[in-house]
Amino acid sequence: MMGRPWGRGAVIAAPYLWLGLFALLPLAIVLKISFAESVLGIPPYTPLIDTGGDTPEWAGTLESYRRLISDSLYWRAYLSSIGYAAGTTAICLLLGYPMAYAIARAPKAWRVTLLMMVILPFWTSFLLRVYAWIGLLKGNGFINNALVSLGLVSEPLPLLNNSFSVYVGLVYGYLPFMVLPLYAQLERLDWTLLEAAADLGARPWRAFLSVTLPLSWPGVAAGSLLVFIPAVGEFVIPELLGGPDTLMIGKVLWDEFFENHDWPAASAVAVAMLALLALPMALMRRSLSEESA
Amino acid sequence: MSEAAAQPFVRLEGVAKRFGATAAVDDVSLSIERGAFFALLGPSGCGKTTLLRMLAGFEVPDRGRILIDGADVAGVPPYARPTNMMFQSYALFPHMSAAENVGFGLRQERLPRAAIDARVAAMLDLVQLRHLAQRRPHQLSGGERQRVALARALAKEPKLLLLDEPLAALDRKLREETRLELVRIQHRVGITFLVVTHDQEEAMGMASRMAVMSKGHVVQVGTPADIYERPSCRFVADFIGGVNLFEGRVVETRADGVAIDCAELDQRLVVAGGGVAIGSTVAIAVRPERIELSAAPSALPNRLAGRVADISYRGEASSVNVALATGRLVRVTLPNVGRTDEPRLAPGIAVWLGWAPEAGVLLTS
């Protein structure tokens with residue numbers, strides 16, 4: 001009898017241990033570095049507790065955070081990232097909703113195949129697929145060559161290294177994350193509800209707005225979060241497809257860390273980003289729990 | 001309902017619908033008078049639900065015409081039809097309260113808010129759910145959900161209300177109460193009700209007229225009493241209520257009917273009726289409650305000797321299976337009114353069965 005509560009405790013403790021080790025601890029380290037000062041050396045930052053004197057002294061500083069606020073580069077990068085992420089989320093939602101709807105309403109035998117086609121790109125390296133887009137979009141790339149040879153344009157369109165190509169990359173990369181939760185939600189929808197709506201006089205569009213959309217709201221929220229959050233911090237796509245004026249916080253973080261070797265600044269950027277992302281997530285959770293209440 | 005308005009209100013003319021290789025509904029013609037409480041009765045897969053869905057506009061007939069109040073509804077989408085449907089699963093909107101569900105159809109018509117609220121309140125009063133107006137469907141019991149679904153379907157005052165197995169999801173006690181309630185509400189609102197059910201008791205208890213369907217065809221239309229007393233064929237006789245069917249060949253036409261040589265019983269039976277040729281194969285249907293059971297040989301023209309095989313006590317009546325010498329079982333229903341002249345029944349006791357020629361029904365198909 002003694003063993004059982006102990007065993008149960010161990011099972012419950014396992015996920016917490018995992019979270020503590022691999023989520024909270026790294027976060028705590030990043031948080032700690034963000035309060036330090038950058039120095040030349042290994043590690044390239046000062047300790048938070050100064051043990052040089054007679055008594056240990058707090059040596060932390062908010063310098064990195066002050067810079068985040070005072071240097072317009074950072075908040076412009078944040079705003080621009082949020083703009084890209086919001087735009088990407090909106091486009092993914094507009095493209096993904098009809099896709100998920102079509103898959104959910106397709107004959108059962110077709111659904112697995114259609115879902116596979118959504119997931120298929122994951123079988124190739126993300127990096128390779130982004131490079132493939134370079135090949136498609138560049139000045140003498142596939143699309144421009146096709147357009148020029150068809151005589152539709154006289155000279156190649158500027159498709160690469162601008163915000164257009166960043167959006168193409170982001171939407172392309174994150175669309176499955178929108179489609180999958182939406183599909184999961186729509187697949188469970190009781191279609192007789194739509195018949196009931198039609199029977200009660202709702203035209204298809206009204207039935208969609210008053211029945212399908214509200215009932216698929218959890219899928220919309222989940223998909224939007226899954227797209228928005230990683231898109232804000234995206235680095236690879238703006239790095240490879242973006243231009244010199246593409247400003248995204250993931251790239252800023254990379255530069256601070258690898259170009260400037262300013263670990264505290266990079267950490268502060270990361271912590272601020274996390275705080276910024278926690279906000280929409282909390283709001284979304286709030287609205288979802290209200291929905292289900 | 002008034003018998004005066006007897007012109008057909010709903011008319012189906014040669015309606016047919018196939019799903020792949022199977023004919024779900026095959027050449028059905030049917031008339032339903034205004035204000036009727038009409039039941040479509042049949043076993044599952046007989047096409048009754050398909051017929052209902054064609055009336056609602058969810059399915060398009062392959063052939064034939066459907067007229068509602070004189071107007072051909074071909075090409076009219078469900079949202080524009082003068083019908084409302086109560087779904088078997090109720091199909092209540094889970095994200096809306098009972099009141100919002102009831103008001104859904106009215107909101108589609110963009111009626112003024114006050115008019116919608118008044119109508120919703122009246123409908124909830126009709127089904128006695130005013131106090132639960134703000135509850136979501138998942139907070140309601142099965143019976144309450146059923147009444148919300150009914151109120152929602154009635155809110156727009158459809159010309160024709162379609163009910164798909166309206167009582168199927170309720171337990172027995174509630175089903176009986178709700179059946180009476182449906183009839184009461186139908187009388188009050190005066191709307192033509194078309195109910196689909198596989199339960200003959202349910203259909204007979206509610207409907208003013210009914211149609212029995214089998215394999216996509218309508219096999220008989222009439223009042224519940226008509227259909228019970230004068231089934232048109234073996235299928236109807238067997239499907240509606242309990243029945244003993246005796247197959248045989250017509251051997252003689254008599255003043256009181258026809259005599260049939262029943263090989264199965266090794267004897268002749270007499271049944272009221274006529275119009276059958278000597279030598280033709282027919283069946284006699286006898287309801288279990290029309291057969292008299294006695295200890296002494298019956299004086300009735302049809303009599304059979306046998307032994308009690310088993311008795312099942314059902315409260316208001318007992319069902320007795322009597323085994324004849326040929327091994328054939330005959331079902332007899334005896335009301336439990338405490339008669340004293342009855343033989344004390346127990347399995348194995350020898351008894352006589354008897355019935356009058358008028359108690360049987362002559363079936364040719």
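Trainee: Over which residues of chain B does pLDDT stay under 50?
Mentor: Residues 1-5 of chain B. This is a predicted model, and for that stretch it has eight contacts beyond four places in sequence.

Trainee: What does chain B average in pLDDT?
Mentor: The mean is 88, and 96% of its residues score at least 70.

Trainee: And which elements of chain B have the lowest and highest confidence?
Mentor: Strand β13, residues 267-271, is lowest at a mean of 85. Helix α2, residues 98-108, is highest at 95.

Trainee: What ipTM and pTM does the predictor give the complex?
Mentor: An ipTM of 0.83 and a pTM of 0.81.

Trainee: OK, interface. How many residues of chain A are in contact with chain B?
Mentor: 15 residues of chain A, against 16 residues of chain B.

Trainee: Which element gives the most on the chain A side?
Mentor: α8(A), with six residues. Both α8 (192-199) and α9 (204-215) of chain A supply at least two residues there.

Trainee: What classes of residue make up that side?
Mentor: Eight are nonpolar, two polar and five charged.

Trainee: Switching to cores. How many residues does the largest nonpolar core have?
Mentor: It has 110 residues. B:Ala151 and B:Leu194 have the most contacts inside this core. Helix α4 of chain B, residues 142-154, gives the most to it, with six residues.

Trainee: Which domains does this core draw on?
Mentor: Domain 1 (8-238) and domain 2 (243-363) of chain B, with at least three residues from each.

Trainee: What is B:Ala151 in contact with, leaving aside neighbours within four places in sequence?
Mentor: B:Val102, B:Met123, B:Leu124, B:Leu126, B:Val127 and B:Leu129. Apart from that core lies another, of 50 residues, and among them are A:Leu68, A:Cys92, A:Tyr183 and A:Ile237.

Trainee: Where is B:Leu55 found?
Mentor: In helix α1 of chain B, residues 48-56.

Trainee: Buried or exposed?
Mentor: Buried, because B:Leu55 has 25 C-beta neighbours inside 10 Å; the cut-off for buried is 20 or more. Beyond four places in sequence, B:Leu55 is in contact with B:Ile66, B:Thr83, B:Leu162 and B:Leu194.

Trainee: How is B:Leu55 placed relative to B:Gln128?
Mentor: Their C-alpha atoms are separated by 29 Å. Along the chain the two are 73 residues apart.

Trainee: What phi does B:Gln128 have?
Mentor: A positive one, about 55°, although B:Gln128 is not a glycine. Most residues other than glycine have a negative phi. B:Gln128 lies in the loop between α3 (113-126) and α4 of chain B.

Trainee: Why does B:Gln128 count as exposed?
Mentor: Because B:Gln128 has 12 other C-beta atoms within 10 Å, and exposed means 12 or fewer.

Trainee: And A:His261, what about its phi?
Mentor: Positive too, about 50°, and A:His261 is not a glycine either. Its place is the loop between α12 (249-259) and α13 (263-292) of chain A. A:His261 counts as partly exposed, because it has 14 C-beta neighbours inside 10 Å.

Trainee: Chain A overall, then. How many helices and strands?
Mentor: 13 helices and two strands.

Trainee: What radius of gyration does chain A have?
Mentor: Chain A has 24 Å, whereas a compact globule of 293 residues would have one near 19 Å. Its C-alpha atoms fill a box of roughly 80 × 75 × 35 Å along the principal axes.

Trainee: What share of chain A counts as buried?
Mentor: 30% of its 293 residues. Of the contacts in chain A with a separation of 6 or more, 69% come from residues 24 or more positions apart.

How values were computed: Residues are numbered from 1 along each chain as its sequence is written. Chains are lettered from A and ligands numbered from 1 in the order in which they are written. This is a predicted model: local features need pLDDT of at least 70, side-chain atom pairs count only at pLDDT 80 or more; totals for chains, interfaces and linings use all residues. pLDDT is the predictor's confidence in each residue, from 0 to 100. Helices (H or I, at least four residues) and strands (E, at least two) are DSSP runs, numbered from the N terminus. Two residues are in contact if their C-beta atoms, placed from the backbone, lie within 7 Å. A nonpolar core is a set of buried Ala, Val, Leu, Ile, Met, Phe, Trp, Tyr and Cys residues joined through C-beta atoms within 7 Å. Domain bounds come from an automatic or database domain assignment. Ala, Val, Leu, Ile, Met, Phe, Trp, Tyr, Cys and Pro count as nonpolar, Asp, Glu, Lys and Arg as charged, and the others, Gly among them, as polar. The radius of gyration is taken over C-alpha atoms; the globule rule is 2.2 Å times the number of residues to the power 0.38.
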